[in-house]
Amino acid sequence: MKHTLHVLMVEDNENDALLVKRELEKGGYSLIATVVQTAQDMRAALAEGTWELILSDYRMPQFNGIEALRIVKESGKDIPFIIISGVIGENVAVEAMKLGAHDYIIKGKLSRLVPAVEREMREAMLRKERALSDKAVYESERRYRQLIETAYEGILTVDECGVVTLANKRISDMLGFKAGEITGKRIEKSIPEHCKDRYSSAIGLCLKGYVQRFEAEMLRKNMESVPVSMGISPLLDDTDMVIGYLAVITDITQQRQMEREREQIRAELVQADKMAAIGQLVAGIAHELNNPLAVIVGNVQYMQKETSLPELKDIFCEVEQAAQRCKKLVADLLEFSRKKDMELRDCDCNDIVEHALYLASYQNDFSDIEVIRRFEKDLPLIKASRHHLEQVFLNIISNAVHAMGTRGKLTICTVFSSEDDFIEIQFTDTGKGMTSETLIRIFEPFFTTKAKGTGLGLLVSYNIIRQHSGTLQAYSKGHGEGSRFVVKLPVDKSQERGLSHG
Ligand SMILES: Nc1ncnc2c1ncn2[C@@H]1O[C@H](COP(=O)(O)OP(=O)(O)O)[C@@H](O)[C@H]1O
Ligand SMILES: [Mg+2]
C-alpha cells in the first residue's frame, strides 16, 4: 500500500517541483503537496497544516533555504527538512546542517532523495517516541516527588556514608529546618548521643538488607529532642547493591503524651481503689473497737472513783488517757470512712471560725498564744455543712497550736474575692513549720510527725473541703518558718452579698 505523505515544498521552479514529486511517487509515496515561494506563504502553510516533510530549494528570487529553515525553527515544529538545490557549496551545506537541515540533495542526483526521505521519516518517528517517553519519565518523577512532599510522614534518604540525599517537607518541619537545609548533612548530627547505639545497629542490619522499625529520638535544629517512630529500608541500585536507606519517620510526641496521661489516670484509679479498700477495712475495725473502748473507759473511770490507793488512781488515770486516745482515733477513722451526704445550709464563715476557736480552747492550752482575727465584715453566706467546717477549722487550729508549743501567734484572716467568687480563710502560725518532705505528705492517711498523732486530721479536712467544692492548701518556707493553711470555699452565686450577720 502506498504511504500518503504530506509534503511542504519551497520551490519557485514548477518543473523542478514536478521532478521531485515524480521521484517520490516512483519511490512508492502518494503525495499531498503544497508549494510555497515566499516567507509569508511558508508561515501560513506551517500554521495551517500538518507536514511530515519539508523539501526546500536553496536559492530563489525572493526567498532562500536558510530563511525557510529559520521559519521552521520559529514554529517550534520538528519536521524533517531536506534542501534540494542546483549547486550548493560545501560551506553553505555545512551552515544549513548546523541550522538544523537534515540533509541536502543535488538536483542532478535525485536518486538519493527517496532513501534520504525514508531515513529522515524513521528518525523523526524515533525522536517523537523519545520525546513521549521523556515526558512520561518526567511525569512519573513529578508524581513521586509530589507523593513524597505531601506525605504525612517525614521521609529521608541517606547514602551509605550517612549523608542525607533527600528530605521531604514534613521532616524539615519536624526537625525545625528550612526546606533543603537537611540535604547534604550527616544524619548522625540529628541523633542524640543516648540513641546512637540503637540507631547504628538498626542501620547496620538495614544495610545488610533487612527492613527495620524502632522508636528513638531525633534532635531538632535547636537541639531539642523529638520522640519518633522510624521505619528504615535498604535502597538498591540497578545491580541490587545496597546504596543507602530510606527512613520513614513519624513524630510520636502526642502519642507519648497520651500514654503518660493514661498512666497517670491509671495510677490515680489504683490509688482511689486502695483508699476505698482501706476506708472499708478501717470503718469495719473502728466500728468493732467502739464498744469495747466504751467499756474500758466506763470501767476505768468507775475504778478511779472507787479506789482509795493513790498508785492505783494514777494507773487508772493513765489507762483512761490511753483509752481516750484510742476513742479519738476511732472517731477520726469513722469520720474519714463515712461517705454520708452532708446537709448544706447557709453559713457564715466568720461565725464558724469563731466557734472552732472556742472549741479549740477547750482542747489546747492557749494561754501564751496570741490569736489575731482579721475577719472581713459582711462575708457572703456559703452553702456548707457547719458541723464539718467546724471540724476542719478545729483540726487546722489544733495543728497550729501543736506546732507552736507554748507560745506563738496565730493569725486568722477571712477574705471574699469577688473576682472568682470564693471565700478564703487563712490560718498563719509562727510554729515550727514544715520541710518540703513533710509538706508533700501531710494529706496522706496516717502521716504524722507527732508521737501521739493519728495522721488523719488533715486528710479528713481535705476530703470535707473537697466535698464543698473548695480547696485546702498548705504552705511553709521550711523548718522554723511557721506554716500557713488556706481554705477556699465557693460562694453560691445566687446569694446576695451583705446577708451575713458577721
Ligand atoms: N501548722 C502546722 N505546722 C507544722 N506542721 C504541721 C502543721 N499542721 C500539720 N502539720 C504536719 O502535718 C502532719 C499531719 O497532720 P494531721 O493530719 O493533722 O495529723 P496529726 O495532727 O495527727 O499529726 C502533722 O503531723 C505535722 O507534721
Ligand atoms: Mg492534726
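The model is predicted, and every value below was computed from it. Its largest nonpolar core counts 40 residues, and a second, separate core holds 26 residues.

**Nonpolar cores**

- Within the largest nonpolar core, the residues that touch the most other members are Ile382, Phe393, Ile397, Ile425, Phe427 and Val487.
- Two or more residues of this core come from each of the helices H10 (349-363), H11 (386-404) and H13 (457-467), and likewise from each of the strands S13 (382-384), S14 (408-417), S15 (422-429), S16 (471-475) and S17 (483-490).
- Helix H11 is the element that gives the most to this core, contributing 9 residues.
- Once neighbours within four places in sequence are left aside, Ile397 is in contact with Ala356, Leu357, Ala360, Phe366, Leu410, Ile412 and Phe427.

- Helix H5 runs over residues 113-150, and because a helix should span 1.5 Å a residue, its 38 residues should span 56 Å; the C-alpha atoms at its ends lie 55 Å apart, which agrees.
- The residues Leu113, Val114, Ala116, Val117, Glu120, Met121 and Ala124 of H5 are buried.
- These buried residues of H5 pack against helix H1 (14-26) and against the strands S1 (3-10), S2 (29-36), S3 (53-57), S4 (81-85) and S5 (103-106).

- An open sheet is formed by 5 strands in the order S7-S6-S10-S9-S8, with antiparallel pairing.
- Strand S7 (164-167) and strand S8 (212-219) are the edge strands of this sheet, since each of them pairs on one side only.
- On average, and with direction ignored, neighbouring strands of the sheet are turned by 30 degrees against each other.
- Strand S6 (residues 154-159) and strand S10 (residues 242-251) run antiparallel and are joined by 6 bridges; Val158 has Tyr245 in S10 as its bridge partner.
- Helix H7 (residues 196-207) packs on the sheet, where it touches S8, strand S9 (225-236) and S10, and the direction of H7 makes about 140 degrees with that of S8.

**The pair H3 and H4**

- The axes of helix H3 (residues 65-75) and helix H4 (residues 90-99) come within 10 Å and cross at roughly 5 degrees; because angles under 35 degrees count as roughly parallel, H3 is roughly parallel to H4.
- Ile66, Leu69, Arg70 and Lys73 of H3 make the contact with Glu95, Ala96 and Leu99 of H4.

Key
Residues are numbered from 1 along each chain as its sequence is written. Chains are lettered from A and ligands numbered from 1 in the order in which they are written. This is a predicted model: local features need pLDDT of at least 70, side-chain atom pairs count only at pLDDT 80 or more; totals for chains, interfaces and linings use all residues. Side-chain values use heavy atoms; hydrogens and water are left out. A nonpolar core is a set of buried Ala, Val, Leu, Ile, Met, Phe, Trp, Tyr and Cys residues joined through side-chain atoms within 4.5 Å. Buried means under 20% relative accessible area, exposed over 50%, partly exposed in between (1.4 Å probe, protein chains only). Helices (H or I, at least four residues) and strands (E, at least two) are DSSP runs, numbered from the N terminus. Contact means heavy atoms within 4.5 Å. The expected span of a helix is 1.5 Å times one less than its number of residues. Two strands pair if DSSP finds at least two bridges between them. Axes are lines fitted to C-alpha atoms, for helices over the stretch in contact, and angles run from 0 to 180 degrees between N-to-C directions. Angles under 35 degrees count as roughly parallel, over 145 as roughly antiparallel, 65 to 115 as roughly perpendicular and the rest as oblique.
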